[in-house]
Amino acid sequence: MSPDFPWPLPEYPSAELRALAERARRFVEEECVPHEVQAERNHGRLPQDVVDRVKQAAIEAGLNGGRHAREHGGQDWTAQQYVAVHEQLGRNTNGIWWWIPDAYNVLRSGSPEQIERYLIPSIRGEAALSYAVTEADAGSDPSDISTMAVRVSDGDGDGWLLNGEKWFVTSGDVAVAHLVAANTADGVTIFVVPADAPGVSTADDPPFTHSFPHGHPAIRFEDVRLGPEAVIGPVGGGNSLQNAWFTEERLGIAVHCVAAMNRLLEEAVTWATGRVQGGVRIYDHQGVSFPLADSAADAAAARLMVWDVARHIDEGADPKIVHAKASLAKLFASEAANRCADRVLQVFGGRGYIRDYPAERFFRELRVDRIWEGTSEIQRLIIARSLERRGVTAVIG
C-alpha cells in the first residue's frame, strides 16, 4: 500500500482480489474522502464538476457497473470481487461513492431494448434509475403492496394502467425512470416507468438523517399508461427478481458496515493513542480501549460472515441458503456497526459530536442500515424460518 495511506489493507484470498481492493481504496481516499466535509455542509450535494470528476475517476479505475456484464460496459465481478471493492467504498461517509455509475441487478433481466435504453447508459454514468417497492402501508412486508397495474386495450394499443404511491424511493429525485413493483392479475410484476411519463409526480421529498447525494422521495403514479415493453422479466415474476435484489443489497449493506467499522476503529485508535489527558494517553484507560476491543471483535466476525456469503454465491450454492446467510450477515453487521459508531463517538468526546468528524457522520449514517432492505426484525424472521426449513448447519455452516 502507498505510504500516502496510513492504514493498510486487510488480508484477501488472492493477489487479484487484493489488487482490486487497492484500486478501490485509492479511489476512495483520493476521490471521495476529501469531499466528505463539503458534502456534509451542503446536505449531501456537491458541485457538478466534482460529481463529474468522481464519475470519471470511477470509470478510469474500472469500478463502474461492477456486477454487470462486460458486453454492457460492466466489470463482470464475482461476488468476492464485489465484496473486495465495497469493503473499501463503505469507508466513505456521505455516500459520495454513490456517484459511481451502476445499475440495479433487476435490469439484467431486461429486454435488449431495456438494456440499451437504461442499463448501458447507467453504467456509462449518463442515467440513474430508482427502485420503488415500499409503500405507506407496505414496508417490512413487500407482499402487501397495493400499487396496481391492470391490462388495458384501447386506441393506443395493448398495455397497462398503473396506479399507486411508493415511499422511500432512493434516487427518485434524480432518476430518469423508476423500477416499480406492482400487483397484476398474474402476481407481482416489475415495470420500468419513465420519470417524465404523464401521471408520474413527486408526492413528498422529505429530509433524512443522513446527508447523501440523492433523496428518497415519495413518488405517485396516477393512471400512468404503459406499453407492453415496460414489463421487466416475465409478468408475475417480480418476487423472484426482488429476492435476488434483496440478497445483493443485504450483502452490500453488510460489507459497507464492515468497512465503516474498520475506518471508525482506525480513526479511534489513532485519536486515543495520541490524546493525552491527566498525563496519560486516553487509550491507556480501559474505559476507552475495552469498548474498542469489543468493536474489533464485532468487525472481525462481521467480515468473516460477509466473505462467507460471497464465497457461497460464487460456488453456486442454493439461493435460499445464500438468502438466509445474507440476512444473517446484514443483521449482525448492521447491529455491530451501530454499536461501534456509538463507542467511537464516545471516545472522541465533544469532537465526536461535530459533523466535521467521521465518527459523528457514521453515527447518523449507519442507523438506517438496521432498517432499509429489511429491518433487523425482518432479518431475524428470515433467519429463524431458515433454521427450521434449511437446517442449522446449512444456515450457519
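Reader: Why is R364 called buried?

Author: R364 has a relative accessible area of 11%, and buried means under 20%, exposed over 50% and partly exposed in between (1.4 Å probe, protein chains only). Since 11% is under 20%, R364 counts as buried. This is a predicted model, so local features need pLDDT of at least 70 and side-chain atom pairs count only at pLDDT 80 or more, while totals for chains, interfaces and linings use all residues. Residues are numbered from 1 along each chain as its sequence is written, and side-chain values use heavy atoms, leaving out hydrogens and water.

Reader: What makes E360 and R364 a salt bridge?

Author: A salt bridge needs a side-chain nitrogen of Lys or Arg within 4 Å of a carboxyl oxygen of Asp or Glu. The closest N and O atoms of E360 and R364 are 2.6 Å apart, so the pair passes that cut-off. Both residues lie in helix α9 (residues 358-365), four residues apart, about one turn of the helix. Helices (H or I, at least four residues) and strands (E, at least two) are DSSP runs, numbered from the N terminus. E360 is buried too, because its relative accessibility is 7%. By the salt-bridge rule the count comes to 29.

Reader: How do you know that K166 and E135 form a salt bridge, and what does the pair tie together?

Author: Their closest N and O atoms are 2.9 Å apart, so they also qualify. K166 lies in strand β3 and E135 in the loop between β1 and β2 (148-154), so the pair ties together parts that are 31 residues apart in sequence. Both K166 and E135 are buried. Another salt bridge joins D298 and R339 at 3.2 Å, N to O. This pair links distant parts of the chain, with D298 in helix α7 and R339 in helix α8 (residues 319-348), 41 residues apart.

Reader: Are D298 and R339 buried or partly exposed?

Author: One of each! D298 is buried, because its relative accessibility is 11%, while R339 is partly exposed, because its value is 33%.

Reader: What makes W167, F168 and F208 a nonpolar surface patch?

Author: A patch takes residues with over 30% relative accessible area and no salt bridge, joining like charges within 9 Å and nonpolar side chains (Val, Leu, Ile, Met, Phe, Trp, Tyr) within 5 Å. F208 has 33% relative accessibility, so F208 is over the area cut-off. The patch covers about 280 Å², and accessible areas come from the Shrake-Rupley method with a 1.4 Å probe, counting only the protein chains shown as cover for residues.

Reader: Why is helix α4 called largely enclosed?

Author: In helix α4 (residues 79-89), 10 of the 11 residues are buried, so the rest of the structure largely encloses the helix. The buried ones include Y82, V85 and L89. They pack against α1, α6 (238-274) and α7 (286-314).

Reader: How do you know that S130 is buried, and which residues does S130 touch?

Author: S130 has 0% relative accessibility, so S130 is buried. This residue sits in strand β1 (residues 129-132). Contact means heavy atoms within 4.5 Å, and leaving aside neighbours within four places in sequence, the residues in contact with S130 include Y104, S171 and H178. S171 itself is found in the loop between β3 (157-166) and β4 (177-184), and S171 is buried as well, because its relative accessible area is 8%.
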